[in-house]
Amino acid sequence: MATKNPEEQTPPSQIDDIQPGMSVAATEGDLGEEDVSKPKVEQVVRDSQGRVQKLLVRKGTVFHKQLEIPANRVQKVDAPDSPHDSHNPGTVTIDIDKSESKRLTAQGREQIETEAEHQRENDLFDELQEHIPTAEGLRQMEAHPGIDAEVARDVEEQASQKSDKASLLRMLGPGFLSGMAGNDASAVGAYSLDGAQVGLAHLWLMLLATPLYQAVQYSCSQIGRATGQGLAEVLRTHYGRRVASVASLVLIIANVALITADLVAVSSGFELLTGSRINWIWFVIPVALILWYLSVYRNFESIKKVFLVMSLAFVVYLVTSVLSKPAWGAVLFNTFAPHIGLSFDSISSAVALLGATISPYTIYWQMQGEKEEKRLGKTKRQQSRYAALDIALGAVSGNLVAYCIILTAATTLFTHHKTIQTASDAAVALTPILGPYATYLFAIGFIGAGLVAIPVLLASTSYAVAGTFGWPVGLSKKPWQREGFYLILTCALVVSLALALCHFDPITLLFWANILNGVLTPILVIYLLIIGNSRKVMKQQRLGWLTNTGLIITALVLTTAALLLFYGLLTGQSH
């Protein structure tokens, strides 16, 4: 940890040069120096003799933070060349390490420890490290007399066994999470509508979409690990901000539509829980405010586990699809015999199905997650294999649930000529196994899936826009440290909230949001093809022929489906 030696103390004459308006930087920690808003000295507090006692530093325009910094934590002062130079106000460097900056709160006024207090804390931490029996500490203990080496080895062996178990869980990374979390509320609505409208006819599309989705996500994984950047950063760095802006615009449009749809879906779930006594529109604003607060000011990762468990209610479709007694001969035929009707209902359902399965936000999310994920394996080849397995598990697991949703809706709704007009109608598909409780379990799953998806959608939007402009990003940072990132997140939610309050029909909104996804996704798939085969970007890690083939087929299938959709719209088949 960085601490100042007495020889490194800033001369009093330099400290006295500090003036309000000067920029502030940290030696190791993060005060948001690279953000759109910069930390500035707001006030210099002096004693009766004019000596500087402490600085009041302010960071953030919307997400405010004030820090009281003792004068003895000042590491260096770079005075401006001219007292009236507004472009270079000078910089005050503060001795703050990474652990200190991480402990800072998300808002309010906070006092930084004095140099002596900070040094005492570091000494205490070092002493604790010496006494806590970590694996490394145990090795050191074995090397010294007076320590029971056998006991030490036993403890280390237990720690190693726990580490092996943790490694198995670590293998499941962003690929598995993307595959499972992809079944958000809007996707479940799209799959249910597909089964209710065209029956078993599109089961083969789910089979086809599984390897295509895996090819898309694996290419994202390869590019993310090869470049160490998200998609927006790669495009801005190698192809210019204009190209990156096009990709970001595609994501913004698709994500805002999905966030709007998921807000309405979650609200519809709460309506179902009230027995339809309270209209869904009354839940939209509270849901949006709660999600905004959790995403901005709280650690959403811990709360997300609860929502994920709620969304696992949809796994009941695996059982329901069997208990609903489908005609298995027809199921097998429609799964393995590619065919598609040319009616507008069939084409639009196919586009919505593909858009729900292969969407722009999972592309951005996979690359960003791969950038931050520490994959198992010592070599790049081993890491690549673990990534492929992680993505394959996510693709198969997520699409199996989607397949069963379509199968269940086709068997229970399409067969009996029932349509889906409301969320309650979609819940009827679960009646064979749950009876009167079907509505409540469906509502819980709808709410959980939507609550998991919305923060992911908001974050991926922020990653794209911030990456395009070269702003720092990160959900792990406080809002005042990454104000630009969190402002984008907030704006996306506000726009989505405004659209959700326009009283669109919930089911229609879910359906067309995924159609929009299906229309826009091929643009990003083409970007992946170009980037993944660029020697300049990928160097020796370019995509293999199998992944390239999957990307080409994905682009062709999605583009063909979108063209057929537009043809139907232009010829008036949608009426």
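## Phe-314 between H12 and H13

In this predicted model, Phe-314 sits in the loop that links helix H12 (300-311) to helix H13 (316-323), where helices (H or I, at least four residues) and strands (E, at least two) are DSSP runs numbered from the N terminus.

Apart from neighbours within four places in sequence, Phe-314 is in contact with Val-188, Val-401, Phe-442, Gly-445, Phe-446 and Ala-449, contact meaning heavy atoms within 4.5 Å.

## Leu-200 between H7 and H8

Leu-200 belongs to the loop between helix H7 (185-198) and helix H8 (203-227), and it counts as buried at 16% relative accessibility. When residues up to four places away in sequence are set aside, Leu-200 touches Ala-330, Val-331, Asn-334, Leu-407 and Ala-410.

Strand E2 (residues 40-46) runs antiparallel to strand E3 (residues 52-59) and is joined to it by 6 bridges, pairing being assigned if DSSP finds at least two bridges between two strands. Arg-46 stands opposite Val-52 in E3, and in the hairpin of E2 and E3, with 5 residues between the strands, Gly-50 adopts a positive phi near 85 degrees.

E3 also pairs with strand E4 (residues 65-70), in the antiparallel sense and over 6 bridges, with Lys-54 opposite Pro-70 in E4.

## Basis of the values

Residues are numbered from 1 along each chain as its sequence is written, and side-chain values use heavy atoms, leaving out hydrogens and water. Because the model is predicted, local features need pLDDT of at least 70 and side-chain atom pairs count only at pLDDT 80 or more, whereas totals for chains, interfaces and linings use all residues.

Note on methods: Buried means under 20% relative accessible area, exposed over 50%, partly exposed in between (1.4 Å probe, protein chains only).
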